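Welcome to this short briefing. Please have a look at the structure below, and then follow the notes topic by topic.

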Amino acid sequence: MPAEPEKTHIARELKYGKPLIACRFDPTGKAVFAGAEDDTVQRWDLAADPAKVKPIAYNAHEGWPFALGVSLDGQTLLTGGTDGKLIWWPATGDAPKPIRALAAHKGWVRAIAFAPDGNHFASCGNDRKVRVWSLADGAQVLDLPGHERPIFRVAFTADGKHLLSADLKGLVIQWDARTGKEERRLDASKLYHYDVGQGVDYGGVRDLSLSRDGAFLACSGQINASNPLGAVSNAALVVLDWKTGEHKQLQHPKEGVSGVAWGVRFHPDGFLIASSGGTGGSFLWFTKPDQTNEFFKLTFPNTIRDLDLHPDALQIATAHHDGVVRISAMKAKA
């Protein structure tokens, strides 16, 4: 079934009750996971009766679990928290217990990304390090220095040859995923602002997504940061030409929505899905790589803090401050 983004609507709400900060579908599409401010990760099995489904808790972090990733076979959940730990879990079962835990970063672990081979994954954090690990035994494979600010996101290219990392200043570094050699630097610094009066760095690349055809790289974040400590900014995307590395388009909602674009995904059909949350409200907005503004926008009742696209390319999960994961469907209402 083809996606119909202009018909996107909230189809389901999965309630937990504590503020949520991250969400990920598992690659098999059977479950959705969410990190919460009470240091837990919650799992909902999507095949269960919507009226009866209860979240399953993963509880071992001593800090907020911002980083979530599920192995390609759907068997292993990886979580990373503000405690600097990476924890391996079974992705299924009614009472999951940690399989392995290690001190991976000094300070916050910000993101996890699995390599297409399914055997390795990357993590990044506030310690300005990118590290690549073996899924099987937790051995560190690569340690990649190069960033001068906290790193917010990592992503592998579809062929597994390259690893991308993006930081607070809008720097995106492309690495050789096998050797760890730095290959090039890409500029998404339009999403960064240094406020002299307040003396703070603000912004950065909050999420990354590559188009399926390999033509574009989208970076999400914010622009027009007139009062960083007051969280005054506008949600935006920077789209880069992947081949040349050149700036392609700066995208933002038509009304100049106040907030941050916390997440972005390229749909297989070539359009972009972005989430924004902040003082100007919460939205999903849909755009195309060569457009400045959205062609459709869906309003939400509470602040979105993360998003993910289901393997069926029809469902979108969003994690919200009110403790709800909302599943939106890109099709007509039943």
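E37 and R305 form a salt bridge in which the closest N and O atoms are 2.8 Å apart; a salt bridge here is a side-chain nitrogen of Lys or Arg within 4 Å of a carboxyl oxygen of Asp or Glu. This is a predicted model, in which local features need pLDDT of at least 70 and side-chain atom pairs count only at pLDDT 80 or more, while totals for chains, interfaces and linings use all residues. Residues are numbered from 1 along each chain as its sequence is written, and side-chain values use heavy atoms, with hydrogens and water left out.

**Salt bridges**

- E37 sits in the loop between β3 (31–36) and β4 (40–45) and R305 in strand β28 (residues 304–309), so their bridge ties together parts that are 268 residues apart in sequence. Strands are DSSP runs (E, at least two residues), as helices are (H or I, at least four), and they are numbered from the N terminus.
- E37 is partly exposed at 23% relative accessibility, and R305 is partly exposed with a relative accessible area of 22%. The scale runs from buried (under 20% relative accessible area) through partly exposed to exposed (over 50%), using a 1.4 Å probe and protein chains only.
- Another bridge pairs D201 with R149, with the closest N and O atoms 3.1 Å apart. D201 belongs to strand β19 (residues 200–203) and R149 to the loop between β13 and β14, so this pair ties together parts 52 residues apart in sequence.
- Are R265 and D308, which also meet in a salt bridge, buried or exposed? Both residues are buried, and their N to O distance is 3.1 Å.
- Salt bridges that share partners join R24, R153, D207, R265, D306 and D308 into one network.
- The count for the model comes to 16 salt bridges.

**Nonpolar cores**

- The largest nonpolar core has 17 residues, of which A122, C124, V130, L144, V154, F156 and L163 touch the most other members. Such a core is a set of buried Ala, Val, Leu, Ile, Met, Phe, Trp, Tyr and Cys residues joined through side-chain atoms within 4.5 Å.
- At least two residues of this core come from each of β10 (109–114), β11 (120–125), β12 (130–134), β13 (140–144), β14 (151–156) and β16 (171–176).
- Leaving aside residues up to four places away in sequence, L163 touches several residues, including A122, V130, L144, I173 and W175.
- A second, separate core of 16 residues includes L186, A188, L208 and A236.

**Two domains**

- The domain assignment, which is automatic or taken from a database, gives domain 1 (1–103) and domain 2 (111–299). Their C-alpha centres lie 21 Å apart.
- In contact (heavy atoms within 4.5 Å) are 21 residues of domain 1 and 24 residues of domain 2.
- The two domains bury about 1,600 Å² between them, 72% of it on carbon and sulfur atoms. Buried area is the accessible area (1.4 Å probe) that two parts lose on being put together, summed over both.
- P5, T8 and L72 supply 26% of the area that domain 1 buries against domain 2, more than any other three residues.
- How many salt bridges cross the interface of domain 1 and domain 2? The rule finds zero there.

- Residues 102–143 are 0% helix and 55% strand, with the end C-alpha atoms 15 Å apart.
- Residues 144–185 are 0% helix and 55% strand, with the end C-alpha atoms 14 Å apart.
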